[in-house]
Amino acid sequence: MAHNTNSDTRNTSTDKTDTNDNGTPDAAGLMSRIDQLGSYLQRLEPFGFSGTVLIAQGDQVLLERGYGHMDYERDIRMRDDAVQSLGSIAKQFTGMLIMRLVDQGKLSTDDTLDRYFDGIPQDKAKLTIHQLLTHTAGVPDGLGSDFDDISTDDYLRQFFAAPLQSEPGTQFAYSNLGFTLAAMIAEKVGGKPYVELLRDVWKELGITTASWFGDPMYNPENSVSYYVDGVRRGSVRDWPGSWDASKPYWHILGNGGVCISPRDMHTYMQALFGGKLLSEKSLKQMLTPNLNNYGYGFDIEDSPLGTMIHHNGGSDGGVAAVARYLADLDLTVLLASNGIVNGQGYAFLVENIMEDLMAGQEFELPPEVQPAGSVEAGTFDLEGGKIRIDPLGNGPLLLHLEGQALLNRVMGVDDAAAESYARMNEITRKFGELILERRWDEAFALSERKTGNERRVGMIEQFFEMITQRHGPITGIKVAGTVPMPPYKGSTLLAFVTENSAPGVPIIFQKDDEFLGFRPMVAHNVMTLMATTTASGIIAFSPQLGLQIGLNFEDGKVLLE
């Protein structure tokens, strides 16, 4: 029920004799840590982890493997070269194309938008390409659904009419729209559709698997399907995309939607960071951190292993991907998965573990299990709450826990932590009631910032609209409970009650008396554990918390070990 401390589940490989003078691992230490990551993911596979990992130093691939299934319905195992969506990792392609045009003397990142878009209104005319690529233009995050078919002219009309969210150049506000506009500029200046400009680069590098959703070259044997809480949501091959250059999907083109195998993505990243695609000056500009340490399609920051250049990508349809380049080690790390559990992609669930492991820090290994048997779905009362069991098929399960007393019991928290979680629950309840009444100033006074802004209010209104469209009118709120969320103090699930459902949003706390922010993602349970059936019962594991619990059935009841 508590954190594991057995010798077979805790990694204690923190020996510093495998490091160089600057603290980075030497060759032997690096291979040891990579082997441990492979073992970790292999142990996690019976609990439902499904995806691919590739780690390479320079051109040498050190780990390349698939786990789980590409397609559960067809029982197709995950291939190490499976084509998956990059999500927002694809923003780097747009930054690269812009800088190639800079190298060719065809544009400058200081160019303003009125140079490229006729009829642009005055408030947006002097926005720069640099601002688009660094999320500092003040433009909205997006204008519609990724898969909505929209013409270039209609897209621009909507952009022209949309109000700016902040003063250009003054704030970082993540914007997919900004990268779509940069992609439009690239094709105007490059003289070809954006899709063809990128294909020219891929062809130059010998990349054959890269394209967009819906490309006929993708099939169930070479590309993944995506799942949310065990339910199939689509696939690389049947979501609509821009593979046909004559039909661009502008809501996603330039900011996401690219699909590629891990090996081909490694080839591209080696070419980019190795100086094969851009001049030294342009590459340096692309990788220079601006507000929020963001370059042109990359986050750039220090890490225990030196400078880390990285980006994540995901969607509520099941996409989750992580791309990292550790410059001091010339190390590429690519992790992608095709499933989401309670709003969290598998790749993101193990991302922090991967970082700890590569840095030589201590972490919890999943228990080594032999799956056996099966159980039926059901909800069971336990002391302090309830537990719901959802089989995913092919062995893995999801365990959903509710009730703060049960959560505290499972996590083994002390009285001080229990009181802290109670305070977070109460602040979240007040915040939920206030935002339902649109009392924004009072609501945001409960946060660390003490104030809101148009962007934060707009995000909440969009969330309300999405819930209403999918689940019906919101009739009230409930607080589902609080759990730890490293590196933060806690995450409290604020659920919005509708007639048939109660989708929620996580409220993040760094202190227990005021919240830090909220994550614009839908979650239905405050704690969901990956689990599997064994000969001795059900074993569940949380990668985020390093938490293991066991369940047994007795006389139709579930007993918590």
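Which residues have the most contacts inside the largest nonpolar core?

1. This is a predicted model, in which local features need pLDDT of at least 70 and side-chain atom pairs count only at pLDDT 80 or more, while totals for chains, interfaces and linings use all residues. Residues are numbered from 1 along each chain as its sequence is written, and side-chain values use heavy atoms, with hydrogens and water left out.

2. Phe 93, Met 96, Phe 117, Leu 181, Tyr 268 and Leu 272 have the most contacts inside the largest nonpolar core, which has 73 residues. A nonpolar core is a set of buried Ala, Val, Leu, Ile, Met, Phe, Trp, Tyr and Cys residues joined through side-chain atoms within 4.5 Å; buried means under 20% relative accessible area (1.4 Å probe, protein chains only). Helix α6 gives the most to this core, with nine residues. Helices (H or I, at least four residues) and strands (E, at least two) are DSSP runs, numbered from the N terminus.

3. Leaving aside neighbours within four places in sequence, Tyr 268 is in contact (heavy atoms within 4.5 Å) with Gln 92, Phe 93, Met 96, Leu 205, Ile 207 and Leu 277. Another core, of 50 residues, lies apart from the largest one and includes Val 526, Leu 547, Ile 549 and Leu 560.

4. In α2, Lys 91, Thr 94, Ile 98 and Leu 101 meet residues of α6, including Phe 179, Ala 183 and Val 189. The residues of this contact divide into seven nonpolar, three polar and one charged; here Ala, Val, Leu, Ile, Met, Phe, Trp, Tyr, Cys and Pro count as nonpolar, Asp, Glu, Lys and Arg as charged, and the others, Gly among them, as polar.
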